[in-house]
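Let's take a tour of this structure together. Have the sequence and the 3D view handy, and find each feature as we get to it.

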Amino acid sequence: MSIFFAVIKHDLAMAFRRWSDLAMPLVFFVIVCTLFPLALGQDKELLQAVGPGAIWVAALLATLLSLNTLFREDFDDGSLEQLALSEHPLSVLLLGKTAAHWLVAEVPLVLLAPLLALGFDIPAAGREALLLTLLIGTPTLSLLGSVGAALTAGLRRASGLLAVLILPLSVPVLIFGARSADLAARGQSIEGPLLLLGGITVLALTLTPFATAAAVRVTLD
Amino acid sequence: MPSVAYGRQLDAIFVLSMWNWFFKLGSPPHFYRIATRLEPWLMGGALVLLVIGAYGGLAMAPPDYLQGDGFRIIYVHVPSAFLSMFAYSVMAVASAIGLIWRMKLAFCVAAASAPAGAAFTFLALCTGAIWGEPIWGTWWAWDPRLTAELVLLFLFLGYMLLRQAMPETRQADRASGILAVVGVVNLPIIHYSVEWWNSIHQGPSLMKLETPSIDGDMLWPLLVMIVAYQLLFIGILFTSIRTQILLRERNTRWISDLLS
Amino acid sequence: MAEIIHMGGYGSYVWSAFGLTFVVLLATVWLTKRSLQQTRNRLTRRLRSASATEASS
């Protein structure tokens, strides 16, 4: 367990040393969210209707952007190989790296989402639900993304491929997340879908670390 | 006691012969020979059944009382949709077997079923859209089954693109195998989520692409078509597996004997 | 006969669905067979050139 936190700490330290990598997905997320009202016009009802979905899609795309660097540099400088050779289980080490990715790339984005929701004129209940669904749903995006990032770490120009691999798998998270945020904005109860979203996250948490570890071993092969 | 020992011996012989059969089937040269021999029969059988099924569906089945003759698209839509899922399961199961037991032939099967599966998925989508136009009044409705089929197409394409991007066959096999297994775990969740998503904003009641209340004259051509598609899929699979075996075994003795 | 082509007004839909299916299935079979043939030819050529260099050396 301590090795898990050691990996997180190390990765966080690395991330804060290069803050531009940290800021880039976040700025991208904000810009994409700004583009929707610009493209759709100022009709408040329309913006309210598309808001939760638009913010969720933007979060998904921003996640993809940050996933590209998840294993790439570690693969290039050989530290991924060292992780694989260490006596600790590789799945735990990689789960630590994924957790660090979530903390660095997803949490700021989740916290910013309610603010951006103001631009779509989403009522308070909807903003709250948006925060909640993103908080529960984004770990799954990081986890699924870590599988894709591990599969493509050894390939050049893999960002497009990563998107093709990961986006279809993210469909359930997107549906439950965006739709329940939307339902909440319309004043409905969303306990059921939130539980399902949590269930998906637990499932991803238990299964994907093994897939990621297997994928890293294949990439290192 | 001797009878028990005799029985055990028989058991052992049976297990050994089963194992032997399995082992031989798993050996690429043996499978290559079997596939070569069976392939024309599969393709021929598929062709005959396709003609019978299409004739039965187009000419002999009575028109549906709701959808009239429009329902006849069922005879090409449902088998395509069925086979697309079947092909994905074959791909995932074969990938899992390959990953667990490091079996080369299993990876050949997985790699071979992807393009055929993608073709069936594409057909299911297109025929679904063609069916939707007269029945729903629109080419594309976000019907849960069509949507899930669309995601399935993306999964097939991702699998094939990942294979394409990896230069080394061994690595491509294992990487795409992991993707297929992750995808098959995800598939029921995708289905369920799409159904839930559809149920929360039920529009004006659409007429579903349901199997219409079906009677015998309508049913048998459908079953014939499904069997025909199965045979065709296995035929395509065998051809494609032979290509995969050739690529993987190109430096072995039996391949040079085969080709010279 | 005309009835079968007309299909109670659904003719164009039914026949285009069947036609498309036929074309795509045929193309899949053809492409699979062609790729097998191409692989065979390529490997045979490689084998010939390998044995030729062996014989000349």
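We'll start with a pair of helices in chain A: the axes of helix α2 (residues 19-40) of chain A and helix α6 (residues 90-119) of chain A come within 10 Å and cross at roughly 25°. Keep in mind that this is a predicted model.

**The α2–α6 pair in chain A**

- Why look at both an angle and a distance? Because two packed helices are described by the angle between their axes and the distance between the axes.
- Angles under 35 degrees count as roughly parallel, so α2(A) and α6(A) are roughly parallel to each other.
- As for handedness, α2(A) passes α6(A) in a right-handed crossing.
- On the α2(A) side, the contact is made by L22(A), P25(A), L26(A), F29(A), V30(A), C33(A) and P37(A).
- Facing them from α6(A) are V104(A), A105(A), P108(A), L109(A), L112(A), L116(A) and G119(A).
- Sort the residues of this contact of α2(A) with α6(A) by class and you get 13 nonpolar, one polar and no charged.

**Chain A as a whole**

- How many helices and strands does chain A have? Its secondary structure comes to 10 helices and zero strands.
- Reading along the sequence, you'd write the pattern of chain A as α-α-α-α-α-α-α-α-α-α.
- The C-alpha trace of chain A spans about 55 × 35 × 30 Å along its principal axes.
- A compact globule with 221 residues would have a radius of gyration near 17 Å, and chain A, at 18 Å, agrees with that.
- Of the 221 residues in chain A, 48% are buried.
- Take the contacts in chain A with a separation of 6 or more: 81% of them are between residues 24 or more positions apart.

**Chain B as a whole**

- Chain B has eight helices and zero strands, and from the N terminus on its elements run α-α-α-α-α-α-α-α.
- Buried residues account for 45% of the 260 residues in chain B.
- Among the contacts in chain B between residues at least 6 apart in sequence, 79% link residues at least 24 apart.

**The α3–α7 pair in chain B**

- Here the axes of α3(B) and α7(B) come within 9 Å and cross at roughly 40°.
- That angle makes α3(B) oblique to α7(B).
- α3(B) passes α7(B) in a right-handed crossing.
- From α3(B), the residues that meet α7(B) are I74(B), Y75(B), V78(B), P79(B), F82(B), L83(B) and A87(B).
- Their partners in α7(B) are P221(B), L222(B), M225(B), I226(B), Y229(B) and F233(B).
- By class, this contact of α3(B) with α7(B) has 13 nonpolar, no polar and no charged residues.

- You'll find A35(B) in helix α2 of chain B.
- Is A35(B) buried, exposed or partly exposed? A residue needs 20 or more other C-beta atoms within 10 Å to be buried, and A35(B) has 19, so A35(B) is partly exposed.
- A35(B) and L237(B) are 202 residues apart in sequence, yet their C-alpha atoms are 9.2 Å apart in space.
- Setting aside neighbours within four places in sequence, A35(B) is in contact with F238(B), I241(B) and R242(B).

**Where chain B meets chain C**

- Two pairs of chains are in contact, and chains B and C share the most contacts.
- This contact takes 34 residues from chain B and 24 residues from chain C.
- On the side of chain B that touches chain C, α2 (28-60), α3 (74-101), α4 (104-136), α7 (216-248) and α8 (253-259) of chain B each supply at least two residues.
- α4(B) gives the most to that side, with 10 residues.
- The residues of the side of chain B that touches chain C split into 20 nonpolar, nine polar and five charged.

**Where chain B meets chain A**

- Here 23 residues of chain B are in contact with 21 residues of chain A.
- The elements giving two or more residues to the side of chain B that touches chain A are α5 (144-165) and α6 (169-199) of chain B.
- α6(B) gives the most to that side, with 14 residues.
- By class, the residues of the side of chain B that touches chain A are 17 nonpolar, five polar and one charged.

**Chains A and C**

- No contact joins chain A and chain C, and their closest C-alpha atoms lie 23 Å apart.

How values were computed. Residues are numbered from 1 along each chain as its sequence is written. Chains are lettered from A and ligands numbered from 1 in the order in which they are written. This is a predicted model: local features need pLDDT of at least 70, side-chain atom pairs count only at pLDDT 80 or more; totals for chains, interfaces and linings use all residues. Two residues are in contact if their C-beta atoms, placed from the backbone, lie within 7 Å. Helices (H or I, at least four residues) and strands (E, at least two) are DSSP runs, numbered from the N terminus. Ala, Val, Leu, Ile, Met, Phe, Trp, Tyr, Cys and Pro count as nonpolar, Asp, Glu, Lys and Arg as charged, and the others, Gly among them, as polar. Axes are lines fitted to C-alpha atoms, for helices over the stretch in contact, and angles run from 0 to 180 degrees between N-to-C directions. Angles under 35 degrees count as roughly parallel, over 145 as roughly antiparallel, 65 to 115 as roughly perpendicular and the rest as oblique. A crossing is left-handed if the near helix is turned anticlockwise from the far one by less than a right angle, and right-handed if clockwise. The radius of gyration is taken over C-alpha atoms; the globule rule is 2.2 Å times the number of residues to the power 0.38. A residue is buried if 20 or more other C-beta atoms lie within 10 Å of its own, exposed if 12 or fewer, and partly exposed in between; C-beta atoms are placed from the backbone.
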